Structures are given as structure tokens and as C-alpha cells.
Amino acid sequence: MQASIKDYLLLHLIVLIWGFTAILGLLISLPALELVFYRTLIASVGVALLFAWKRKPILIPPSQMIKVLGTGVIIALHWILFFWSARVSTASVCLAGMATTSLWTAFVEPFFNRTKVKWYEVALGLMVISGLLVIFKFETGYWLGLSMALASAFLAACFSVINGRLTKRHDPYQITFYEMSGASLSVLLFMPIYAFWLSDGTGIQWAWQGYDWFWLLILGGICTVYAFSVSVELMKRLTVFSINLTINLEPVYGIVLAVLIFGEKEKMTPEFYLGTLIILISVLIYPVLNYWNKRRKAVRTLG
């Protein structure tokens, strides 16, 4: 099935929604682990209610269920590192690190699918690295947050490629339900270790404060159930690499929103924006190179 203009516009809407998630992570008072638990729990319950309302079957074969639940563990780690990165640095730094998802995908996707690495995807990946070097050089105070964001981006590339394969067998909302369930369950099982070793002696923070409940509903409902499910659906028509490269625009949307909402706290040095710009240029170059490569192959085949 060929992708349409509507698919690409819908993808940009999803990326805009995801650009808001780092901001929500700062608006919500809960620590990263507790935040991810509530987000995935709300999302899994939301999808279950949706299936019940539509009276559609939610069960999948046990062997496949284990794979999808396991993918949920990867997603949980991805989101924990994502929100933790924003907490120890800024939303802008977190989103700049997440822009490397396409770089990781350029290597992860061929590994999973046993295909050749495309030279222009590697070239674009090197552009991303150069942008990161500029950011690292001038924003040394944020190295921890940026490192967490880079690890989060790698995990995002992994589960995106896995989801690209899962969509060929299952309904996107089935995938979302089991992945969110796997994520929330894995976080819950990790809670005792977290409470003992990693929570700064404060224990687990279950209680919501202020408008946490509202932001969590937005995060779990719109940013997760809707956006995540639609992104999985789009994988049926768009390549994983093109999706993740478009997701590189997430920092643009997110950084603009962060500056508008948080003001001076989110304003960075000119070099930071230069590095981010270098990363984002790859978004504009990829469609041109991809089109040129397809034309070249078509001419060679006809010849």
C-alpha cells in the first residue's frame, strides 16, 4: 500500500504531539519512573476500554503476545530515559538527543531485516553526529541529559523496527495494548529495586499533585493511545527510517513550545541551535536522496 500526502501530514501531527511530551514531563511533578508507570497504565486501560466499546477481540496468540509484551519493556526503558533526560537537563537538550533516532535506525533496521546499510543513510547519520559534537562542545553542562537522550533514541529505533514487523500481523491497537501493558508491568516489577537503591531515600511517589491528573490524562490518552497507535498504523505504508527521520522534527516543535511555555529556562546558546539545525537538515535531505536512489535503481532495471 502506497503512502499518501494525508499519511505524511498525519505523521507530522503525531510528531507535533510527541514534541509536547517532554514539556508534559516537566509539568508533571512525578519522578520519571512513576510517570512512565502511570502513562503506560492509563494507555493500556484506555485501549482496553476502546476494544470493549467496539466489541473487538483483543487477544493474540500467546507466542506473539510474549514478543509484544517484551517490546513494551524496551519502550518503558526508552521513556524513563527520555523523561529523566529532560529532568537532569532541559526539554530542549532532551529533544536534541532524540533527533538521533534516525541515525540509530540506519544501522538497527538493516541488522533486524538483514538488508544492506544504505550509504546515504550513513551519510545523514554522520551529519547528525557532527551536530551532536557542536552541541557537546558548547553545552558541556548537559552531557548527562544528552547521553540519556541518546540512549533513549537508540531504544526508540529498536522498538520502531520491531513494530514495523509486528504491524504485518496485528492490529495497531492490539500492539499498543500489549506494549503498554508490558511497559507498565515491567516498571511495576522494578519498583522495589528502585525504591531501595535509586529513589534518593524518598521512596516511591504515588501521589499526584495539582494538575498532575490532567497532564497524565493528556500524556496517556492523546500522546500515547492516539499518537502511538497511529504511528504504528503508518508503519504499514511508510518505511521505519522515513518515519524516524521525520520524528527528527520533534525537537523543532518541542523546543519552540518549550521556549514559549518556560521562557528563559529553555533558552540555549547559539551553538546549541546550530548543532540542532545541522541535525534537522538531514530531515530535508533524506527525501531527495531517497527519491534519487529509487530513480537510479529504476533506470538501471529498465536498462
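This is a predicted model: local features need pLDDT of at least 70, side-chain atom pairs count only at pLDDT 80 or more; totals for chains, interfaces and linings use all residues.

Biologist: How far apart in space are Glu-233 and Asn-163, C-alpha to C-alpha?

Modeller: In sequence, Glu-233 and Asn-163 are separated by 70 residues. In space, their C-alpha to C-alpha distance is 9.6 Å.

Biologist: Which residues form a nonpolar patch on the surface, and what is their accessible area together?

Modeller: The patch consists of Trp-208, Tyr-211, Trp-213, Phe-214 and Leu-217. One of these, Trp-213, is placed in helix α10, which spans residues 212-234. Trp-213 has a relative accessibility of 43% and so counts as partly exposed. Together, the five residues named have an accessible area of about 570 Å².

Biologist: Which side chains meet in a salt bridge?

Modeller: The structure holds 1 salt bridge, with an N to O distance of 4.0 Å. It links distant parts of the chain, 115 residues apart: one partner is in the loop between α8 (143-166) and α9 (172-198), the other in the loop between α3 (32-54) and α4 (62-88). The partners are, in that order, Asp-171 and Lys-56.

Biologist: How much space lies in the largest cavity?

Modeller: Rolling a probe the size of a water molecule over the atoms shows where empty space is left. With a cut-off of 30 Å³ or more, the structure holds 1 cavity. The space in the largest cavity is about 270 Å³.

Biologist: Which residues that line the largest cavity are the closest to its centre?

Modeller: The lining of the largest cavity is made up of 20 residues. By class, 11 are nonpolar, 7 polar and 2 charged. The closest to the centre are Trp-18, His-78, Ala-156, Phe-159 and Ile-247.

Biologist: Which element supplies the largest share of the lining of the largest cavity?

Modeller: At least two residues of the lining come from each of α4, α8, α10 and α11 (240-246). The largest share amounts to 4 residues, and the element that supplies it is α8.

How values were computed:
Residues are numbered from 1 along each chain as its sequence is written. Side-chain values use heavy atoms; hydrogens and water are left out. Patches are made of residues with over 30% relative accessible area and no salt bridge: like charges are joined within 9 Å, nonpolar side chains (Val, Leu, Ile, Met, Phe, Trp, Tyr) within 5 Å. Accessible areas come from the Shrake-Rupley method with a 1.4 Å probe; for residues, only the protein chains shown count as cover. Buried means under 20% relative accessible area, exposed over 50%, partly exposed in between (1.4 Å probe, protein chains only). On a 1 Å grid over the protein atoms alone, a cavity is a set of points where a 1.4 Å probe fits but cannot get out, and a pocket is an open set with protein on both sides within 12 Å along at least five of seven lines; lining residues have an atom within 4 Å of a point. Grid points are joined across faces, edges and corners, and a volume is the space filled by probe spheres set on the points. Ala, Val, Leu, Ile, Met, Phe, Trp, Tyr, Cys and Pro count as nonpolar, Asp, Glu, Lys and Arg as charged, and the others, Gly among them, as polar.
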